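Hi,

Here is the structure I promised to pass on.

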Amino acid sequence: QVQLVESGGGLVQAGGSLRLSCAASGRTFSGYAMGWFRQAPGQEREYIASISSSGGLTWYAASVKGRFTISRDNAKNTVYLQMNSLKPEDTAVYYCAAENSVFIIRKPDYWGQGTQVTVSS
């Protein structure tokens with residue numbers, strides 16, 4: 001079992017930055033692919049970024065590529081999402097996810113509880 005706890009959400013003006021963190025506990029963090037998803041009100045959950053277990057491979061959705069950066073620190077059992085040049089359409093609940101895989105996430109095994117990000121115009 002893996003427990004995931006997100007933090008770092010909040011209210012920011014358009015053009016600003018936030019860094020989300022996801023702390024993992026439980027099984028060996030370094031053996032899990034990690035990722036970030038988001039869900040805006042009335043919309044489906046969107047897969048936006050993932051990183052392989054070693055950190056050597058990353059993937060981004062077109063909607064965030066060039067603005068968001070995913071990284072991980074296996075010594076701290078933490079994955080990060082640096083979000084720059086934020087737009088009002090980035091407003092959503094952001095979820096951390098983990099999959100028992102060395103590659104990027106395809107189907108999460110575990111989810112965090114989510115953290116709200118609100119971008120004002």
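Strands β4 (residues 33-39) and β5 (residues 46-51) pair in the antiparallel sense, with five bridges between them. Pairing here needs at least two DSSP bridges between two strands, and strands are DSSP runs of E of at least two residues, numbered from the N terminus. This is a predicted model, where local features need pLDDT of at least 70, side-chain atom pairs count only at pLDDT 80 or more, and totals for chains, interfaces and linings use all residues. Numbering runs from 1 along each chain as its sequence is written, and side-chain values use heavy atoms, leaving out hydrogens and water.

Follow I51 for a moment: M34 stands opposite I51 of β5, and in β6 the bridge partner of I51 is T58. β5 and β6 (residues 58-60) are antiparallel too, over three bridges.

Both hairpins have six residues between their strands. G42 sits in the β4/β5 turn with a positive phi of about 75°, while G55 in the β5/β6 hairpin has a positive phi near 90°.

Two residues other than glycine also have positive phi: N77, near 55°, and S85, about 50°. N77 is in the loop between β7 (68-73) and β8 (78-83), and S85 is in the loop between β8 and β9. N77 counts as partly exposed because its relative accessibility is 28%, and S85 does so at 42% (buried is under 20% relative accessible area, exposed over 50%, partly exposed in between; 1.4 Å probe, protein chains only).

Finally, F103 lies in the loop between β9 (92-99) and β10 (110-111) and counts as exposed because its relative accessibility is 54%.

Cheers

Notes. Helix = DSSP H or I, 4+ residues; strand = E, 2+ residues; numbered from the N terminus.
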